[in-house]
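Subject: Structure for you to look at

Hello,

Here is the structure I said I would pass on. My notes on it follow below.

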There are 2 protein chains.
Amino acid sequence: MFIDMQQCCRMLGTADDILILCHKSPDGDTVGAAYGLYHALTRLGRRAAVRCSDPWPERFRYLTEAVEMPEFDPKLIVAVDIAGENLLGDGLAGYAGRIDLCIDHHVSNTDYAVCTLLDAKAAAACEIMYSVIRHLGVPVTKPMADALYTGCITDTGCFRYSNTTAETLRTAAELIEAGADSVGITTALFETVSRLRMALENRVMDTLEYHFDGRCASIVMSQALLQELGAKVEDLEGIVSIPRRIEGVQVAVAFRENPSGSYKISVRTGEGADASAICRNFGGGGHVRAAGCNVPGPLEHAQALLLDAIGKELNAQ
Amino acid sequence: MFIDMQQCCRMLGTADDILILCHKSPDGDTVGAAYGLYHALTRLGRRAAVRCSDPWPERFRYLTEAVEMPEFDPKLIVAVDIAGENLLGDGLAGYAGRIDLCIDHHVSNTDYAVCTLLDAKAAAACEIMYSVIRHLGVPVTKPMADALYTGCITDTGCFRYSNTTAETLRTAAELIEAGADSVGITTALFETVSRLRMALENRVMDTLEYHFDGRCASIVMSQALLQELGAKVEDLEGIVSIPRRIEGVQVAVAFRENPSGSYKISVRTGEGADASAICRNFGGGGHVRAAGCNVPGPLEHAQALLLDAIGKELNAQ
């Protein structure tokens, strides 16, 4: 059942022993919204704890390391930034069917919780959570501000993505005034790159090729490269968006070799091409601007398949 | 003479035939502040014009192309985002000594104008100009909002640089509400890269080397590479800031070969190293975080000179 801000605050305002759940493979928005709410509830004198199926990523340690979470039998279970119960992950799967309150901004939210506060126009769950905390009447402290600022910038590419609204920027302004270390957090999350990542980006971009008069750009990520640099698959995350930024490129496609020799395909598109339509040809899917699928190798075969589908999609538009 | 907002608005509110000057090598902030003021003054029924010593960069065409500037004998000359008269450029040098009003945010402003409205805490001149327009009582229209938004994002790296304040973000929020095409402008200025630039970045980063346990990273930009890719020196602008972002790197140095065979050195530093101190060894200078100098070739000689100076600077801290 979808509820409004007042109903949400009535639930949070009267509860104790509140367990806050993040989605698996936690990003800055789920971690930030959870810790923001945690600090607000403990400030109100409530017992609360944050849990996630996966370990906290190192890069969000400034939010997670200072807090020792208590163990207790929860009386209210809250999911933040979780669009569906399948995103709870193995470690929290036992809470499926038991979520009392969900606070989320995904239009695809499945309404799995007893009550859901959904604002699909919000760029980040942290933007909604800031409003929740204000409505609860809790003064926003530095730990809350740091947590919520984190989600506001990670879900908007530091205010570069098209989901950024006036409300996002105003929320961020108020979080800075509440003490968020905006400079430190931005530098750590957006202006710092590991040596490994820099080497990976450079080597992968060495494989850049253009197709269809530059309307498509492709890159290759081989197992040999991962082994040579001692990198893991997750270190490649997001590299496909680099060729997407090239002027005139409507479709960027990455061919990532699986250990089995098949290829994991990631497609990113701009105006004039549908990524999910391309990937549906091979049993995959996703969104209009970002989608994926798997195709058999070898590389030449995978490339022939994808370029054929991409060419058809570009001509269809 | 430094003046306050009220005095500034009294000057602008009573004047007609207002000439607005930008600094040479115009960036988004000087163009945006000038066009924002231009639209506000014409909205008030005044005759105004914007001029610059250099042609408008192609990437700001959405601000400059629609407006035909009138010719007139100016009664008030306003400089925006211009820290010193030497920045007027050859084409506007004749206005030196004749500037009535300067609106600027550079702490280094030389107070060359009769009256100067300076706010060194503002991230952009456009942030001040938004306040000026509000104080003039002019409703902020889309052309004004587009212009001012441009300066707010170009001078802050789209809100990533440490000069970004709560006030910057709040100004940007209000500009979006006033109709600024934030998504289109951000995509054009920050999310689009030319094929040439992408190739240059990739090839230059192929030359990356680490020194002093990774505390220094160096890159080389050769004449041969420029010729091979058909690139100009200005196409290399800002590439030195890429290695600066690598974790642990305190000093990034770029060796750019001059046609004569000598090397133009660019140094960027983080905490714990002074770029200008490094470059002063070779007759150059600049700021603590960004400086430059020229040294003789060949490359090995230039590298030996710089690495010696960088090593001393790193040990001195």
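Asp146(A) counts as buried, at 10% relative accessibility; the cut-off for that word is under 20%. Please keep in mind that this is a predicted model. The side chain of Asp146(A) meets that of Lys142(A) in a salt bridge, 2.5 Å from N to O.

Salt bridges

Over all chains, the structure holds 22 salt bridges. One of them pairs Arg134(A) with Glu174(A), at 3.2 Å from N to O. This pair links distant parts of the chain: Arg134(A) sits in helix α4 (residues 125–136) of chain A and Glu174(A) in helix α6 (residues 166–177) of chain A, 40 residues apart. Arg134(A) is partly exposed, with a relative accessible area of 47%. Glu174(A) is also partly exposed, and its relative accessible area is 23%.

In chain B, Glu174(B) forms a salt bridge with Arg134(B), and the closest N and O atoms are 3.3 Å apart. Here too the pair links distant parts of the chain, with Glu174(B) in helix α6 (residues 166–177) of chain B and Arg134(B) in helix α4 (residues 125–135) of chain B, 40 residues apart. Glu174(B) counts as partly exposed at 23% relative accessibility, and Arg134(B) counts as partly exposed at 47%. Back in chain A, salt bridges that share partners join Asp17(A), Arg47(A) and Lys75(A) into one network.

Where the chains meet

How much area do chain A and chain B bury between them? The value is about 3,400 Å², with 56% of it on carbon and sulfur atoms. In chain A, Arg160(A), Arg195(A) and Arg245(A) lose the most area to chain B, and together they make up 22% of what that side buries. Counted by residues, 34 of chain A are in contact with 34 of chain B.

Between chain A and chain B there are 2 salt bridges. Among them is the one that Glu177(B) forms with Arg170(A), where the closest N and O atoms are 2.9 Å apart. The count of residue pairs in polar contact between chain A and chain B is 9, taking pairs with both residues at pLDDT 80 or more.

Which helices of chain A each supply at least two residues of the side that touches chain B? They are α6, α7 (182–190) and α8 (195–205). Of these, α6(A) gives the most to that side, with 8 residues. By residue type, the side of chain A that touches chain B divides into 17 nonpolar, 8 polar and 9 charged.

How the two copies are related

A rotation of 180° with 0.0 Å of shift along its axis superposes chain A on chain B, with an RMSD of 0.3 Å. That is the relation of a two-fold axis. The same surface serves both copies, as 100% of the contact residues of chain A recur in chain B.

Two single residues

Glu201(B) lies in helix α8 (residues 195–205) of chain B. It is partly exposed, with a relative accessible area of 22%. A polar contact of 2.8 Å joins the side chain of Glu201(B) to that of Arg197(B). Leaving aside neighbours within four places in sequence, Glu201(B) is in contact with Ile239(B) and Ile242(B). The C-alpha atoms of Glu201(B) and Leu175(B), which are 26 residues apart along the chain, are separated by 33 Å.

The other residue is Asp308(A), placed in helix α12 (residues 299–316) of chain A. Is Asp308(A) buried, exposed or partly exposed? At 43% relative accessibility, Asp308(A) counts as partly exposed. Asp308(A) and Ile278(A) are 30 residues apart along the chain, and their C-alpha atoms are separated by 9.5 Å.

Regards

Conventions
Residues are numbered from 1 along each chain as its sequence is written. Chains are lettered from A and ligands numbered from 1 in the order in which they are written. This is a predicted model: local features need pLDDT of at least 70, side-chain atom pairs count only at pLDDT 80 or more; totals for chains, interfaces and linings use all residues. Side-chain values use heavy atoms; hydrogens and water are left out. A salt bridge is a side-chain nitrogen of Lys or Arg within 4 Å of a carboxyl oxygen of Asp or Glu. Helices (H or I, at least four residues) and strands (E, at least two) are DSSP runs, numbered from the N terminus. Buried means under 20% relative accessible area, exposed over 50%, partly exposed in between (1.4 Å probe, protein chains only). Contact means heavy atoms within 4.5 Å. Buried area is the accessible area (1.4 Å probe) that two parts lose on being put together, summed over both. A polar contact is a pair of N or O atoms within 3.5 Å; within protein, one must be able to donate a hydrogen and the other to accept it, and residues adjacent in sequence count only if both atoms are side-chain atoms. Ala, Val, Leu, Ile, Met, Phe, Trp, Tyr, Cys and Pro count as nonpolar, Asp, Glu, Lys and Arg as charged, and the others, Gly among them, as polar. Copies are superposed by least squares on the C-alpha atoms of residues with pLDDT of at least 70 in both.
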